[in-house]
Amino acid sequence: MKVLVVEDEQKVANALQEGLEGERYDVVVERTGEDAFFRMTTEAFDLILLDLGLPGRDGLQILTTLRSKGIKTPVLVLTARDTLQDRVAGLDSGADDYLIKPFAFAELLARIRALMRRGASETPRLGVGDLTMDLITRKVTRGGQPVELTVREFELLEYLMRYEGQVVSRETLTRDVWKETARTTPLDNVIDVHIARLRRKVDVDRPVKLIHTVRGVGFMLREGEP
Ligand code: CA
């Protein structure tokens, strides 16, 4: 599989290249918007990893132009801009998924695999049982009823849905959702409070519970008891 990595930070670009080549991906790196755009319009790739903050033309401009030319290569946006607005804009411009920096390499690989399975054309949407999450409009519903979530609750639920049926530890959530990579101890209390709020919004008064505590390990989202 051929991957184009568009990233201006040398260290990040090198780490991505080495990591992906270690997974047997064929990797090409471009460091400016112009070079990247030229490359992606003249060569075929199976996937583009696109940083948004680039010198010259930025990632969103490139993405918009790429899609307007009818090029449908799946694009996974890698961004440090974690504001809600930027993310929605990123997906609206034709991104297939996004990952907020910093991220764990294993998380990137999981996203790439999911993207390759799903194909590029579908709307970025997650669903578990009667729970749905639209990643563009950021609307969440359970049994057709809207569920109102804060930004953090949304991110937490998104993560649990992406890892449906798998145990997610508090350590993982601290790193991947709260982005506290330097912490040596997980944010247990903060996480538990957010899980409790999510449960109230998603599971209360429902015969089928989706959010489960796996004692001593973490949490799992799935239909029915784990
Ligand atoms: Ca950058």
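Reader: Which protein donors does the calcium ion have, and how far from the ion do they lie?

Author: Donors are N, O and S atoms within 2.8 Å of the metal (3.2 Å for Na, K and Ca); water is not among the atoms, so sites may look incomplete. Asp8 and Asp51 each give OD, and Gly53 gives O. These donors lie 2.2 to 2.3 Å from the calcium ion.

Reader: What basis do these values have?

Author: Residues are numbered from 1 along each chain as its sequence is written, and side-chain values use heavy atoms, with hydrogens and water left out. This is a predicted model: local features need pLDDT of at least 70, side-chain atom pairs count only at pLDDT 80 or more, and totals for chains, interfaces and linings use all residues.

Reader: Is Leu4 buried or exposed?

Author: Leu4 belongs to strand β1. Buried means under 20% relative accessible area, exposed over 50%, partly exposed in between (1.4 Å probe, protein chains only). Leu4 has 0% relative accessibility, so it counts as buried.

Reader: Which residues is Leu4 in contact with, leaving aside neighbours within four places in sequence?

Author: Contact means heavy atoms within 4.5 Å. With neighbours within four places left aside, the contacts of Leu4 are Val28, Glu30, Ala36, Arg39, Met40, Phe45, Leu47, Ile48 and Leu49.

Reader: How does Asp8 count, and how does Gly53?

Author: Asp8 has a relative accessible area of 30%. Gly53 has 33% relative accessibility. On these values Asp8 is partly exposed, and Gly53 counts as partly exposed.

Reader: What radius of gyration does the protein chain have?

Author: The rule for a globule is 2.2 Å times the number of residues to the power 0.38, and the radius is taken over C-alpha atoms. With 226 residues, a compact globule would come near 17 Å. The protein chain agrees with that, at 18 Å.

Technical notes
Helices (H or I, at least four residues) and strands (E, at least two) are DSSP runs, numbered from the N terminus.
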